[in-house]
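Thank you for making the time this morning.

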Amino acid sequence: MAADVIRLDIVTPAGIVFSDAVSTVQVPSALGLMGILANHTPLMTTLEIGAIKYTKEDKENYLAVSGGFLEVKDNVVIILATSAEKAEDIDIARAINAKERAEERLVRKDDAELDVLRAELALKRSINRIHVAELKK
Amino acid sequence: MASMRDIRRRIKSVKSTQQITKAMKMVSAAKLRKVQASLIAARPYAKKVQEVMDHLLGSEAEYENALITPRAEVKKVCYVVLAGDRGLCGGYNSQVLRLAENEIKAEKAECGLLLIGKKARDFFRSKPYKIIGHHVNIGDNPTMVQSIALSKYLIEKYLSGEVDEVHVIYSEFISTMNQEPKSVRLLPIPASEQVEQEKGLRDLYIFEPGEKAILDVILPQYVQSTVYRMMLEAKAGEHGARMTSMSAATDNAYEIIDKLTLSLNRARQAAITTEISEIVGGAAALE
């Protein structure tokens, strides 16, 4: 493997979403955006809901991720996410739908506290999906 | 000997039964393929989560996390029984349920049952055990959403102190022909055997925002991925068992049809012989 290449594996319970050699990775870690280049020191961190950006052959690509976990070791980046989608695979109509539903639920607010929390998370996820899908354009 | 009409009627009824069993077999085969695909897809994730957990737990008992540390006194145990919603799948359900009952009988602490699947519910309904809850009609394809809901529920029960241990009884999918009922402790998370070898690796890593925070994230994910895998295994086993038993039923039907056809032909020939001898006899009487 060339010195400036990192292997990026994105794994979700539904299968392997992405597995390829890339040159840089940017992830939404718990402490903020984090960039990873080749020969990074071993690292473990948690991920927030957000966009993963990776560059391959000077082209930027995006994925939406809804929380998870990241491990870097020996030029291999492993992302364990509850869900992840490539920007081009995102169903925008569905995301917009989900966003509207979540907003509606937040407006009503009469539900239990737990539901508000869940709605907020759903809203965050759907906004993220829409955002990532738009980045692609 | 049964009359020809009776035999024909029986052949017809066996044939239609055979059609049903054949169709069920093919449907189960298709469903099995689907579940197996998700099982294979889920495998890398489960493996990775396990690996990361082993790395983290590598060195010591230094971080206590409620999900790992066994409780000093186990007073209440929750048994989750994963069985099917439908029958006609050979010994699949009864195997799981028998193991479940034996486990519960052997358990000294107070038990509570969480029953998944109609067959589990019906089996334990008439027995003197405490049932915490049941879920039926879970469908043929376990989804992530279901496993998230179930694992959240179990973690909540565990953390609130309502139960001190959670065990899952399910059937592990070994092959289409072979399923093995198993009882596994889900909570507190049992220590992995590999942990010993991973010592030292831990020192190499940077942890952000901290080891404890990461553990807090990874452990529920581990529980959830384990529950998901168990649900998939159980479902794959159910489809496999149904496929096998339906295939056996179809073969049996073939055999019965063969036997019946043989006796039908015999009866027909006997009738013809009688008829001829009657004609001959009649003709002889005329002369």
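I will begin with how the two chains meet and then turn to some pairs of side chains.

A word first on conventions: this is a predicted model, in which local features need pLDDT of at least 70 and side-chain atom pairs count only at pLDDT 80 or more, while totals for chains, interfaces and linings use all residues. Residues are numbered from 1 along each chain as its sequence is written, chains are lettered from A and ligands numbered from 1 in the order in which they are written, and side-chain values use heavy atoms, with hydrogens and water left out.

Let us look at the interface, where 25 residues of chain A and 24 residues of chain B are in contact, contact meaning heavy atoms within 4.5 Å. Between them the chains bury about 2100 Å², 75% of it on carbon and sulfur atoms; buried area here is the accessible area, with a 1.4 Å probe, that two parts lose on being put together, summed over both. On the chain B side, B:Tyr45, B:Tyr205 and B:Glu208 lose the most area to chain A, together 29% of what that side buries.

How many salt bridges are there between chain B and chain A? The count is zero, a salt bridge being a side-chain nitrogen of Lys or Arg within 4 Å of a carboxyl oxygen of Asp or Glu.

The chains also meet through strands, since strand S5 of chain A, residues 43-56, and S6(B) run parallel and are joined by three bridges, where strands are DSSP runs (E, at least two residues) numbered from the N terminus, and two of them pair if DSSP finds at least two bridges between them. Within that pairing, A:Thr45 stands opposite B:Glu208.

A:Asp20 is partly exposed at 27% relative accessibility, and A:Lys56 is partly exposed at 28%; buried means under 20% relative accessible area, exposed over 50%, and partly exposed in between (1.4 Å probe, protein chains only).

In chain B, the side chains of B:Arg229 and B:Glu172 meet at 3.9 Å, N to O. B:Glu172 is buried at 18%, whereas B:Arg229 is partly exposed at 26%.

Conventions:
Helices (H or I, at least four residues) and strands (E, at least two) are DSSP runs, numbered from the N terminus.
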